[in-house]
Amino acid sequence: MTKELERERGQLELIASENFTWPAVFEAVGSVPTNKYAEGYPGRRYYGGCEVVDEIEEIAIDRAKELFGAEHANVQPHAGAQTNMAVYAATMEPGDTLLALRLDQGGHLTHGHKVNFSGRLYNVVHYGVSPETMTVDYDEVLRLAKESRPKVIVCGGSAYPRIVETDRFRAIADEVGALLLCDMAHFAGLVAAGLVPNPVESCDFVSSTTHKTLAGPRSGFVLCREEHAKALDSAVMPGMQGGPLMHTIAAKATCFRIAGSEAFREYQRQIRANADAFGESLEEGGLALVTGGTDTHLLLVDLRSSDWTGKDAEERLAEVNVTVNRNTVPFDERSPFVTSGIRVGTPAMTMRGFDEDDFRETGSIIADALADSADIGSLRARVATLCEKRPLYPGWRGYTKFR
């Protein structure tokens with residue numbers, strides 16, 4: 001664990017789905033509710049001795065509802081995949097039709113990919129992005145919805161750098177009588193800060209993780225309208241999970257409280273400003289961005305005009321202590337194990353204190369690392385300078401304690 005702490009301290013962590021959480025979240029995750037079995041829901045448990053963990057879960061529920069303006073919240077799903085699994089189980093039978101964004105054009109594995117439970121259990125129809133704009137083709141979404149008559153339409157994704165226009169999806173869902181789910185796992189923190197539209201206003205269900213832009217524990221939660229509350233809760237437990245992780249629910253409650261603060265909103269504003277500066281720097285270095293930029297925290301670099309594959313670029317950047325992940329780009333002809341792009345984001349390094357100038361230097365480092373004349377030693381030194389300037393957990397003397 002100490003080795004992992006030192007790895008995180010010494011690298012530029014740019015994976016868009018990762019973040020550095022707060023000491024208060026560490027304390028909650030490592031706390032005594034991990035000892036407690038609490039199958040069921042507050043006031044309706046299958047075990048005795050749940051009076052305190054009932055309070056913890058109720059606090060997490062109330063804070064999630066207040067933060068996002070939701071009628072109902074379920075905070076028990078263990079991870080993001082389980083949030084979508086729960087919504088599907090609450091609304092569909094195996095074989096029913098699901099309409100969602102293609103994985104290779106920005107969607108997520110749980111949005112119906114053939115190797116995932118979602119693609120194996122349901123009849124999945126996928127929409128994509130426009131080859132001209134690289135943004136969602138709403139005409140195609142409407143056409144496919146009319147043809148397939150899905151039970152559920154999913155919007156949102158894991159590698160889509162623009163705002164998800166849930167109002168347009170709502171109109172399409174209403175036209176074909178479908179339920180609408182927004183997967184806001186990537187941009188939930190921006191929603192909490194009021195920087196992007198709140199999908200709760202347009203959607204029947206909203207699923208999310210807590211560890212990306214929200215910067216909380218690795219886990220998930222689901223919001224929904226009150227009319228779907230019973231079906232959703234039953235789908236989570238007993239339909240999908242047994243005992244909830246009460247220590248993690250305590251950490252979610254902590255995360256939601258922090259996310260309601262002005263300091264958190266300022267953090268999210270800096271994430272957005274940094275993303276724009278980062279994108280500009282990458283483009284100045286000769287790299288192409290899918291959609292030409294971002295509305296969120298996430299940038300998708302298209303390497304097809306270069307000799308680099310996503311895999312090779314990821315490995316080269318690892319040599320200079322920059323952590324990214326290879327990613328398909330829309331209409332990619334390479335396999336998902338190789339890809340033609342890399343995905344980067346700003347939440348983690350913003351948590352370390354990075355500002356726009358730091359991200360301009362980061363973009364320059366990436367561009368220089370992918371040049372033919374890259375000087376690996378010099379680039380490592382530039383990364384080390386940034387890491388020393390913005391230390392991670394500077395008061396932490398070991399993995400067991402903050403001082």
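User: Is Thr83 buried or exposed?
Analyst: Thr83 has a relative accessible area of 1%, where buried means under 20%, exposed over 50% and partly exposed in between (1.4 Å probe, protein chains only). The model is predicted: local features need pLDDT of at least 70, side-chain atom pairs count only at pLDDT 80 or more, and totals for chains, interfaces and linings use all residues. Residues are numbered from 1 along each chain as its sequence is written, and side-chain values use heavy atoms, leaving out hydrogens and water. At 1%, Thr83 is therefore buried.

User: Which backbone oxygen lies 2.5 Å from a polar atom of the Thr83 side chain?
Analyst: Thr83 belongs to helix H4, residues 80-91; helices (H or I, at least four residues) and strands (E, at least two) are DSSP runs numbered from the N terminus. Contacts of Thr83, meaning heavy atoms within 4.5 Å, include Pro77, Ser207 and Phe221. The oxygen at 2.5 Å from the side chain of Thr83 is that of Gly80.

User: At what angle do the axes of H3 and H10 cross?
Analyst: Two packed helices are described by the angle between their axes and the distance between the axes. Here axes are lines fitted to C-alpha atoms, for helices over the stretch in contact, with angles from 0 to 180 degrees between N-to-C directions. The axes of H3 (residues 51-68) and H10 (residues 246-259) come within 8 Å. They cross at roughly 35 degrees.

User: How many nonpolar residues does the contact of H3 with H10 have?
Analyst: The contact includes Val53, Ile56 and Leu67 of H3 and Met246, Ile249 and Phe256 of H10. Ala, Val, Leu, Ile, Met, Phe, Trp, Tyr, Cys and Pro count as nonpolar, Asp, Glu, Lys and Arg as charged, and the others, Gly among them, as polar. Beside 1 polar and 3 charged residues, the nonpolar number is 12.

User: How many of the 14 residues of H10 are buried?
Analyst: The elements covering the buried residues of H10 include H3, helix H8 (188-192) and helix H11 (262-284). Among those buried residues are His247, Lys252 and Cys255. H10 is mostly covered, and its buried residues number 11.

User: How far apart in space are Ser305 and Ile15, C-alpha to C-alpha?
Analyst: Ser305 sits in the loop between strand S12 (298-302) and helix H12 (310-319). Its relative accessibility is 70%, so Ser305 counts as exposed. Ser305 and Ile15 are 290 residues apart in sequence, and their C-alpha separation in space is 22 Å.

Key. A polar contact is a pair of N or O atoms within 3.5 Å; within protein, one must be able to donate a hydrogen and the other to accept it, and residues adjacent in sequence count only if both atoms are side-chain atoms. Lists of a residue's contacts leave out its neighbours within four places in sequence.
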